[in-house]
Amino acid sequence: MKKELLYVSLGLCVSLAALNAIADESSASGSIKQTAPAQADAVADVPAQVATDEDLQNLPNVGNKFCPVSGEEIKADSAMGEGVHMAYQGKIYNLCCPMCVKDFKKDPQKYIAIINEELAKDAPAADAQETTK
Ligand SMILES: [Zn+2]
């Protein structure tokens, strides 16, 4: 009779321990947000990403006004919203809409070259065309 009691209490202990372990595990995995997907470590360079709020605060925006993918002007009040910001190699690049993100990610260097071209000729003469209307 006494033996039986011992087993029961032992069993209780074990299941309590198991419960604790489960609770620990779930709270631990809950607090760790899935950081990088597994595929990221295969890439040496950090891939282009849609900029987070943190990126927008910490990284300089190159200030391009035209989408390098579509060539569209990036308008703050367009129906598409105010465009999409991409974080890439420590800078923010601007795209006109979420549709262009996929293309930018595919070949960021190509589109950054287009952006740099735009920025290079952007400086003066911006109103010269307007006044000829
Ligand atoms: Zn677009």
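Pro47 counts as exposed because it has 12 C-beta neighbours inside 10 Å. The cut-offs are these: a residue is buried if 20 or more other C-beta atoms lie within 10 Å of its own, exposed if 12 or fewer, and partly exposed in between, with C-beta atoms placed from the backbone. Pro47 is found in the loop between helix H1 (2-31) and strand E1 (49-50). The C-alpha atom of Pro47 is separated by 7.2 Å from that of Lys105, although the two are 58 residues apart along the chain.

The model is predicted; local features need pLDDT of at least 70, side-chain atom pairs count only at pLDDT 80 or more, and totals for chains, interfaces and linings use all residues. Residues are numbered from 1 along each chain as its sequence is written. The term pLDDT is the predictor's confidence in each residue, from 0 to 100. Its mean over the protein chain is 76, and 52% of the residues reach 70 or more. Over residues 38-43 pLDDT stays under 50, and the model has zero contacts there beyond four places in sequence. Two residues are in contact if their C-beta atoms, placed from the backbone, lie within 7 Å.

Now the chain as a whole. It has five helices and three strands, in the pattern α-β-α-β-β-α-α-α when read along the sequence. Helices (H or I, at least four residues) and strands (E, at least two) are DSSP runs, numbered from the N terminus. Of the 133 residues in the protein chain, 17% are buried. Among contacts with a separation of 6 or more, 60% join residues 24 or more positions apart.

Next, the sheet. Strands of a sheet pair through backbone hydrogen bonds, either parallel or antiparallel. Here an open sheet of three strands has the order E1-E2-E3, with antiparallel pairing. E1 and E3 stand at the edges, each with a single partner strand, so one side of each is left without a neighbour in the sheet. Two strands pair if DSSP finds at least two bridges between them. E1 and E2 pair over two bridges, and Gln49 has Ala87 in E2 as a bridge partner. Strand E2 (residues 84-88) and strand E3 (residues 91-95) pair over five bridges. Among these residues, Val84 stands opposite Leu95, His85 has Asn94 as its bridge partner, and Ala87 has Ile92.

The hairpin of E2 and E3 has two residues between the strands. Gln89 lies in this loop and has a positive phi of about 50° although it is not a glycine. Gln89 counts as partly exposed because it has 13 C-beta neighbours inside 10 Å.

Last comes the core. A nonpolar core is a set of buried Ala, Val, Leu, Ile, Met, Phe, Trp, Tyr and Cys residues joined through C-beta atoms within 7 Å. The largest one has 17 residues, and those with the most contacts inside it are Cys67, Val69, Met86, Leu95, Cys100 and Phe104. E2, E3 and helix H4 (108-122) each supply at least two residues of this core, and E2 gives the most, with four residues. Leaving aside its neighbours within four places in sequence, Phe104 is in contact with Ala48, Val69, Met86, Leu95 and Tyr111.
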